[in-house]
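The stops below go from the whole chain to single residues.

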Amino acid sequence: MTVKQAVENYLFDLEPFKSKRPQIYYRDYNIMYSSVPLPIEDTVIYPIKEKQLAIKVQFVKELQFNDLFKILTLKTYTRDFQEATEYTNALIAIIGSKALKNHGAVGVGANKFFLFEKNTPVEDFQKGLFIALGTFVSVRCSFGNVRVNINPTPAIFYKAFKPDGNPMSVVDLVQDYLQIKGVPNESDVKKVQSFLKGLKVYRNYLKKISGKAIQGFNFRENSNTLKFEDSDGKLTSVAAYFKSKWNIALKYPQLPLLKIGPTAYLPMEVAYVVPNQQYKGEVYDTRTLIRLTALRPMDKAKFLTQEGKKLLSEVDFGKIDTKFTKIPSRILPAPAIEYKDNKFVTYKEEQFNGKNEKKKGNWNLEKMQFYLSPKGKKSYNFGVFVLVDRFFQKKREHLGEACEIFFARIE
């Protein structure tokens, strides 16, 4: 059990936290903030009897925001300015707690937020995944003011819903990952076990939906062969148990079982993917990642304005201005690039025509050649170092094609 799970599932059901929950701000990790005093002078231990664990809550300090304003009025940067970090962390917790009360908002880490709505930028990504564009929020202190910095940020999530909107089971996710329509077999499951390990699933036949992480797989047994004693002490198979207990006739009892506990196993077809789980594995589809995140300045401003109004509209301790901060700037002249035979590529200042940027410069460099090395210069030998992983073959093929094209043009 993580600290976050203990706090949210147990501590907040106890006093004094339960009655003061609206005034408590908790996002993640091991720090919480409260806008009202809590009766904790030093350290208090709260036992969790059913888990044989305990939560230790310790009072750290009281933050006086008048002290922050004093720091911001400093005329020069001193060591005292570093103390503002305590206050900015508190403000992030306050902003994040309020932002997550928005319907459809999902928090990733301490300060990344994603609103899954109809107009949210979302695309399929790699296998069994999708990528979404959200907002990174931070608090920055400057001389005389406090500013909220927001930027677009991507995150990759496991798919949890099928194209028709129905929840996705682990069987569905395996099919999506392998791009197959038929029922996966044991060999198929072995191909995706590294992808699925650690994924949280829920059991839709239970009233209380709680996520359980996939710890591994049982390839020796399946729902027909694995037997255990039921509540009446009778020996029964997993398939028979689901039929008698839950009135669920398993469609794929021959598939391997998911391990979700030391002795707990679950059929893949009744395990459904918990929505909004971030994927932290290897990424190779950089093209889709760039396409989603490469926004023009005006599109970026529009996206941040819309997200900011939804996420930051209601905050405690003041108000967040919805207008962008304007700062003076200047545009440096673009340099001209000279190639062989006195051929130049220059940038021309042209208005964007809404389609492409071809009028602003010569982007077709097919006839351009680099300058040759001085005579007598020894040729260079190039080597490439590639880490071996499950994507090695694909990387080597792409790299080989790129090298052939690149070095052929140089010659």
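Among contacts in the protein chain between residues at least 6 apart in sequence, what percentage join residues at least 24 apart? The figure is 56%, where contact means heavy atoms within 4.5 Å.

This is a predicted model, in which local features need pLDDT of at least 70, side-chain atom pairs count only at pLDDT 80 or more, and totals for chains, interfaces and linings use all residues. Residues are numbered from 1 along each chain as its sequence is written, and side-chain values use heavy atoms, with hydrogens and water left out.

**Stop 1: the whole chain**

Show the protein chain as a cartoon. It has 9 helices and 19 strands; helices (H or I, at least four residues) and strands (E, at least two) are DSSP runs, numbered from the N terminus. The radius of gyration is 28 Å, well over the 22 Å that the globule rule gives for 411 residues, so the chain is more spread out than a compact globule. That radius is taken over C-alpha atoms, and the rule is 2.2 Å times the number of residues to the power 0.38. Along its principal axes the C-alpha trace spans about 90 × 60 × 45 Å.

**Stop 2: a hairpin**

Select residues 105-108, strand β5, and residues 112-115, strand β6. The two run antiparallel and are joined by 4 bridges; strands count as paired if DSSP finds at least two bridges between them. Val106 stands opposite Phe114 in β6. Between the strands of this hairpin there are 3 residues, and Gly109 takes a positive phi near 70 degrees.

**Stop 3**

Strands of a sheet pair through backbone hydrogen bonds, either parallel or antiparallel. Next, select β11, β10 and β17, which form an open sheet of 3 strands in that order, with antiparallel pairing. Its edge strands are β11 (212-213) and β17 (271-273), each pairing on one side only. Strand β10 (residues 200-203) is joined to β11 by 2 bridges. Here Lys200 stands opposite Ala213 in β11.

**Stop 4: Phe195**

Now select Phe195, in helix α5 (residues 186-196). Is Phe195 buried or exposed? Phe195 counts as buried, because its relative accessibility is 5% (buried is under 20% relative accessible area, exposed over 50%, partly exposed in between, with a 1.4 Å probe and protein chains only).

Leaving aside neighbours within four places in sequence, display the residues in contact with Phe195: Lys127, Gly128, Leu129, Tyr158, Leu173, Tyr177 and Tyr279. The C-alpha atoms of Phe195 and Gly128 are separated by 9.1 Å, although the two are 67 residues apart along the chain.
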